[in-house]
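Biologist: I'd like to learn how to read this model. Could you walk me through a few features?

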Amino acid sequence: MISAAEFAAYNRAVAKIGDRAASDVETAVLAWCRAHDDATVAEKREAAKLIMEGFVQGYDDVAAEFAAQWYDDLAERNGARLQQAVTMTTYKPKSVDEVARYQAKKLANGGDAAFAEACGEYARNDAFRSLNETIISNVGRDKDRGARFARVPTGFETCTFCLMLASRGAVYHTRKSAGEFKHFHRRCDCKVVPGFEDDPDAELVEGVRPEELREQWAQFKNIDEDESLTSADKDAAKRAVLGSPGPPVVYKKPKEAFAHERGGSYDLAAHEALRAAGHEVVVRKEDAPEGFSNIDLLLDGKLCELKSPTSDASGVNGLRFIERNIRKAVRQFEKVEGGPVRPSIVALNCEEVPVTREDALKRVRLEMSRHDIDRVILLTRGGAIDDIKK
């Protein structure tokens, strides 16, 4: 079994290869475009192709060599007597041409930076494909000696198809399985891992169990089939199934501004709690025109008002602070420029208020029945998060 620590170290090393590939290509392409500001779209596209061709081939080689060394090490530790692993890269001039032509659309609107970033992303993705292709090819070579492979999801970008393949556990190399395992979507961070055990449900990586992945796959399929959910809702629901946090909080309002606001530290804690629960959190600028309301967050792509009452909020009136904050949020949603906002979502952070989860839930449901609020995400002491919808 590959320990969780070893697998994490492998993923970090792979990420560094991908990051360097993306950075080198993006920097070089952007520098050329800015140095030749009067160049045509076609000239920038052709220059980017030459830059990508050099870097992509180089980083594909680096990734493939790294994967081959890992394969050899795992085989030796598992007592498998195999030939030295071969490298396999996925670089194709045709793919570079297709990427450059497709992404050149960004140049038409003066998007040099966006074009360069897209070229860099391609370099990263191709390095990752070469890494996994190397493992697949060696397992194919060594299938008669008991080698198998498994697909292991590792991060934010796990889709239903990824999870379906991962749920199969360690399988033998066939034309069909190899073809499926070579399918990687944009930004896919799955890793192909070799195994040398007879049991397809063997735990090749510590903590990654095929039977649990099958349960998660079933939940993913149910989420995909729920027509009431938006794309962002589905992404958040899948992150929750995986127990994965959302991406890092994006601060359009300067993060340091919260240090000077009453309750600012509570808001910062709430941002991280929502992210840890699998939500995508963007903290919005406070730039509403005069006479209109600012709404604090974009939560999974939807406007969301955050309320973080302080420890003295309950006062002598018990749970009345919940009613006050929900009522205030209703007024804000009504006064948004272009509003009113639908759906109306409130994140109510009660972490600093001496109230039980049960009492808070009961009062939130009561106030939702009284006021025009569609959804409340309730944070209470101990890290509990409840998502209450009408």
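Biologist: In what kind of crossing does α3 pass α4, left-handed or right-handed?

Modeller: First, a caveat: this is a predicted model, where local features need pLDDT of at least 70, side-chain atom pairs count only at pLDDT 80 or more, and totals for chains, interfaces and linings use all residues. Residues are numbered from 1 along each chain as its sequence is written, and side-chain values use heavy atoms, with hydrogens and water left out. A crossing is left-handed if the near helix is turned anticlockwise from the far one by less than a right angle, and right-handed if clockwise. Here α3 crosses α4 in the right-handed sense.

Biologist: At what angle do α3 and α4 pack?

Modeller: Angles run from 0 to 180 degrees between N-to-C directions, with axes fitted to C-alpha atoms, for helices over the stretch in contact. Over 145 degrees counts as roughly antiparallel. For α3 (residues 93–103) and α4 (residues 112–141), the angle is about 155 degrees and the axes are 10 Å apart, so the two helices are roughly antiparallel.

Biologist: Which residues of α3 and α4 meet?

Modeller: Contact means heavy atoms within 4.5 Å. On the α3 side you'll find S95, V96, V99, A100 and Q103, meeting F115, A118 and Y122 of α4.

Biologist: And Q216: buried or exposed?

Modeller: Buried means under 20% relative accessible area, exposed over 50%, partly exposed in between (1.4 Å probe, protein chains only). Q216 has 17%, so it is buried. Q216 sits in α7 (residues 210–225) and touches L163, V241 and L242, leaving aside residues up to four places away in sequence.

Note on methods:
Helix = DSSP H or I, 4+ residues; strand = E, 2+ residues; numbered from the N terminus. Parallel < 35°, antiparallel > 145°, perpendicular 65-115°, else oblique.
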